Amino acid sequence: NARTCARGARATGSMAKIANAHLRSCIQQVLEGSEEKKREFLETIELQIGLKNYDPQKDKRFAGNIKLPHIPRPKMRVCVLGDAFHCEKAGSLGLDHKNADGLKNFNKNKKLIKKFAKKYHAFLASESLIKQIPRLLGPGLNKAGKFPTLVQQQEDLSNKVDEIKATIKFQLKKVLCLNVAVGHCGMSESEIVDNLKLSINFLVSLLKKNWQNIKVLYIKSTMGKPVRLY
């Protein structure tokens, strides 16, 4: 898609609106805060966005995915809905997986399917299975915004899982606030800078009036205080 490529090229550029030094000092504050109060788990770093001059009722609601250079959520739970080949592969990689029979066992029970969708952040599916999902599971995964990503036999499953973990989604719903994971507190400062720049520039490229639609940008760790970027 030429438009996405052009956007990607724009997205990787520098950020005219946020000075590098300010970006780095904000990241340092977040990392220092997480060091002061060490948690039992690896904190995620989120980008929080407030928009302006946007009417979700009237204006087109945007949605876009972008793959970050460094995986923001290494512990993200991914489940493989696979044929025999992919289930075996998933098993050897220690990934949760289900075959067609496993999906049939849900008996289209909406409660069980909802619980299943909630348990994972994302799903991958073999070609033979992806076509059967609406028939076997109904619209449950779709409603949860987690319809599986196709994985082909010739693709490396482990790389595909990493690709899913590295991809973030910007989607405007009914409110003018968005939250996305852009890193974690175990990353180096420069890795977080890479991810943040790409995320922010990509978001700006999705907006109708670009930077004029951005009201505020904050970054924060899971348990930390928000730090204002913009």
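**Entry 1. Confidence**

I began with pLDDT, the predictor's confidence in each residue, from 0 to 100. I noted that this is a predicted model, in which local features need pLDDT of at least 70 and side-chain atom pairs count only at pLDDT 80 or more, while totals for chains, interfaces and linings use all residues. Residues are numbered from 1 along each chain as its sequence is written, and side-chain values use heavy atoms, with hydrogens and water left out.

The chain has an average pLDDT of 86, and 93% of the residues reach at least 70. I then compared the elements; helices (H or I, at least four residues) and strands (E, at least two) are DSSP runs, numbered from the N terminus. The lowest mean pLDDT among the elements, 41, belongs to helix α1 (residues 2-11), and the highest, 93, to strand β3 (residues 78-81). I recorded a pLDDT below 50 over residues 1-14.

**Entry 2**

I looked up strand pairing next; two strands pair if DSSP finds at least two bridges between them. Four strands, in the order β8-β1-β9-β10, make up an open sheet with antiparallel pairing. β8 and β10 (227-228) are its edge strands, each pairing on one side only. Between β1 and β8, which run antiparallel, I found seven bridges. Thr-44 has His-184 in β8 as its bridge partner.

Helix α2 packs on this sheet and touches β1, β9 and β10. The direction of α2 makes about 35° with that of β9; axes here are lines fitted to C-alpha atoms, for helices over the stretch in contact, and angles run from 0 to 180 degrees between N-to-C directions.

**Entry 3. The nonpolar cores**

I took a nonpolar core to be a set of buried Ala, Val, Leu, Ile, Met, Phe, Trp, Tyr and Cys residues joined through side-chain atoms within 4.5 Å. Buried means under 20% relative accessible area, exposed over 50%, and partly exposed in between (1.4 Å probe, protein chains only).

The largest core holds 38 residues, and Leu-47, Phe-62, Phe-170 and Leu-196 have the most contacts inside it. At least two residues each come from α2 (20-36), β1 (44-51), β7, β8 (177-184), α10 and β9 (214-221). α10 supplies the most, nine residues.

I followed Leu-47, which lies in strand β1 and counts as buried at 0% relative accessibility. Not counting residues up to four places away in sequence, Leu-47 touches Val-182, Leu-196, Ile-219 and Leu-229, among others. Leu-47 and Leu-196 are 149 residues apart in sequence, yet their C-alpha atoms are 7.8 Å apart in space. Leaving aside neighbours within four places in sequence, the contacts of Leu-196 include Leu-23 and Ile-27.

I also found a second, separate core of 17 residues, including Cys-79, Phe-106, Leu-136 and Leu-137.

**Entry 4. Strand β5**

Strand β5 (residues 122-126) is largely enclosed by the rest of the structure, because five of its five residues are buried. I checked both faces: Ala-122, Leu-124 and Ser-126 lie on one side, Phe-123 and Ala-125 on the other, and all are buried. Four bridges join β5 to β3, and the two run parallel; Cys-79 stands opposite Phe-123. Three bridges join β5 to strand β6 (residues 149-151), again in parallel, with Leu-150 in β6 as the bridge partner of Ala-125.

**Entry 5. Aromatic rings**

I counted seven aromatic pairs in the structure. Rings of Phe, Tyr and Trp (its six-membered ring) pair if their centres lie within 6.5 Å; planes under 30 degrees apart count as stacked, over 60 as edge-to-face and the rest as tilted. The pair Phe-170 and Phe-202 is tilted, because the planes stand at 40°, with the ring centres 6.1 Å apart. This pair links distant parts of the chain, with Phe-170 in strand β7 (residues 167-171) and Phe-202 in helix α10 (residues 189-206), 32 residues apart. Both residues are buried. One aromatic cluster is formed by Phe-106, Phe-116, Tyr-120 and Phe-123.

**Entry 6. Positive phi**

Most residues other than glycine have a negative phi. I noted Asn-53, with a positive phi near 55°, in the loop between β1 and β2 (63-67). Asn-53 is exposed, with a relative accessible area of 52%. Asn-210 has a positive phi of about 50° and sits in the loop between α10 and β9. Asn-210 counts as partly exposed, at 32% relative accessibility.

How values were computed. Contact = heavy atoms within 4.5 Å.
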